Protein chains: 2
Amino acid sequence: MAVTIRDVAKEAGVSVATVSRVLNSSGYVHEDTRDAVMDAIKRLNYKPNEVARSLYKKKSKFIGLVLPDITNPFFPALARGVEDFLYREGYHLIIGNSDEQMEKENEYVHGFLQNNVVGLIISTHDIDFHAIKTAKIPVVLLDRTTDEFPAVYADQIQGGKLAATKIIERGCHEVTIIRGPVTIKPVYERFRAAYDVLKKNNKKVNIIDAQLTFESGQKTAKELFEKYPNTDAVLACNDPVAIAILNEAIKQGRQIPEDMQIIGFDNISMSSVVHPGLSTINQPAYEMGLKAAEILLKQINQEKLTKIHYKFPVSFIERESTRKEEK
Amino acid sequence: MAVTIRDVAKEAGVSVATVSRVLNSSGYVHEDTRDAVMDAIKRLNYKPNEVARSLYKKKSKFIGLVLPDITNPFFPALARGVEDFLYREGYHLIIGNSDEQMEKENEYVHGFLQNNVVGLIISTHDIDFHAIKTAKIPVVLLDRTTDEFPAVYADQIQGGKLAATKIIERGCHEVTIIRGPVTIKPVYERFRAAYDVLKKNNKKVNIIDAQLTFESGQKTAKELFEKYPNTDAVLACNDPVAIAILNEAIKQGRQIPEDMQIIGFDNISMSSVVHPGLSTINQPAYEMGLKAAEILLKQINQEKLTKIHYKFPVSFIERESTRKEEK
DNA sequence: ATGAAAGCGCTAACAT
DNA sequence: ATGTTAGCGCTTTCAT
């Protein structure tokens, strides 16, 4: 139905090989015939079938991205960075939401592989790395790390330390950490780093577990005020949770930051816009996405990577949920 | 490199046709040989090459989704709905962010088409409908409408009316509408419907233009308080903008909802969690995504659609940014 | 500089 | 019930 390379060949009065040559600017082709072919392509509005190309070359223009949940505001920023870079280079992004479930993660990876994706960006763990290795396709881990693969991530340890340090500087006696799932490595790391700093400074610290969603934050907030009513500082595992707690605190009539300070993690765009503004640790998500795409394409194009791990610094963004004047 | 159907055939001591038959459960194949083939497949860990399949059948397992910006919290919910449905049916989602730019929209559509996507879900306008029609591939519009294609969308007119009606019921004298880009149809419709109701009720109404982002909302808020300081009710084009305004109002010391009421649009999950909670018009984004995927697959499977347009009702979600007690 | 033809991995006639 | 083979649309030797 669609117009194929044969049609173009016929229209231009040449062979398909010649058309292919001009398409790929490979081999020799006379200027005149080249022009004739181009003309025919224009006239027929021909677009090469990427599937046929992919089959022959065993290389597609698809990149697979598997992430936990696009609904968590941290990830759209990441994904957007990836997508923007890919778009410029003519690649397409296939997305899979794994919900951190190993089974889904692997199904996505296998599905992507079957479709000749040329590269994988992975923002989730428990991946079937064996399958990836045997497929020998470039991979970059995003927001996660392993020694075995190139990775782009933000410095979680620095982030955790920063949060703890800042909250200590601003004064606190009893801090409650809302810890995310310990199975998620970056989330665990930021927790651990913060916890250690707090302990080293002889602070009383409580731990409450939560998921990474607003909804979980809301539930957790109730638990927080019941179990640890004397908390005067909270370090949340991410911004959605922090915002939920902020909200609940105000509902309960607490003054923020006077009665209680809060620091989040991620710096999603919402955080600047809630009231009071949320102090948080900024992760440069968009830039990380960009970089991940960049080094993935480098690998795809056989370029050597200057390094394997790209650790982005994080920074403390101070808004109204902490006391600016240091104590 | 990878194991192909030939390898399986050899391993099982049959022809490739037989293997293909068991793979597709088409044609006759003896139970015993069937088992032998299955065994071989297991042993070799064979996975069919979807690209080759796609080339022959001219059908892939890919669905293209083009949306304005995954970074706008309304769209991840939509995308997640689409993806969840697709995943269950073994399809994969390719995503493109168009930023409402016609050029990007079309590049995506063409790119997707070249890769044999079997269906398209489109949440943006200015699409090259001609290309889609000649490609003869199923399409569903999501959050947008045209008579020519199946569409899944929420009732914007009802939404606009609802917002206006509720704000009137709750009492107001001068309402300012933050109107989104008039080029985006659903956004324009909700504006228009609200405006008409307000006018019919002889309210004084001001209009300010904004984009659909938090950042734009923040700028707009400043304009709002300068130009229309007597505003006692605002209807925002979407929740991010509404939240930005809420925030700015509080910063300026206004009591919400006493001094000023605000109603948003979308009901993104953040809206329940800011303080005061944002009253808004709920669009069932996730369900809409699910439905769009469902009717797309129906078309792909040659099933007849019982109807072309799936209009979802919206609802008013009342939180603290409006005065509950009717006046 | 150009063409003929093989082949990428698969499916679907068509034979047997 | 199973095998042989053509062909999906393209790229790439290998001839010429």
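Around DNA strand D, the nearby surface is made up of 15 nonpolar, 10 polar and three charged residues. Please keep in mind that this is a predicted model.

**The surface near DNA strand D**
- Of the 28 residues around DNA strand D, the nearest are Ile5(A), Asn49(A), Ala52(A), Ala17(B) and Tyr28(B).
- Two or more residues each come from α2 (16-24) and α4 (50-57) of chain A, and likewise from α2 (16-24) and α4 (50-57) of chain B.
- With six residues, α2(A) gives the most to this surface.

**Where chains A and B meet**
- Contacts link 39 residues of chain B with 39 residues of chain A.
- On the chain B side, the elements giving two or more residues are α4, α5 (74-88), β2 (92-97), α6 (102-114), α10 (214-227) and α11 (239-251).
- That side of chain B divides into 19 nonpolar, 15 polar and five charged residues.
- Strand β2 (residues 92-97) of chain A pairs with β2(B) in the antiparallel sense, over three bridges.
- Within this pairing, Leu93(A) has Ile95(B) of β2(B) as its bridge partner.

**The largest nonpolar core**
- In soluble globular proteins, nonpolar side chains tend to be buried together.
- Here the largest nonpolar core holds 182 residues, and Ile245(A) and Ile245(B) touch the most other members.
- Leaving aside residues up to four places away in sequence, Ile245(A) touches Ile178(A), Gly217(A), Thr220(A), Ala221(A), Leu224(A), Val234(A), Ala236(A) and Ile262(A).

Key
Residues numbered from 1 in each chain as written. Chains lettered and ligands numbered in written order. Predicted model: local features only at pLDDT ≥ 70, side-chain atom pairs only at ≥ 80, totals over all residues. Near = placed C-beta within 6 Å. Helix = DSSP H or I, 4+ residues; strand = E, 2+ residues; numbered from the N terminus. Nonpolar A, V, L, I, M, F, W, Y, C, P; charged D, E, K, R; others polar. Core = buried A, V, L, I, M, F, W, Y, C linked by C-beta atoms within 7 Å. Buried ≥ 20, exposed ≤ 12 C-beta atoms within 10 Å, placed from the backbone. Contact = placed C-beta atoms within 7 Å. Pairing = 2+ DSSP bridges.
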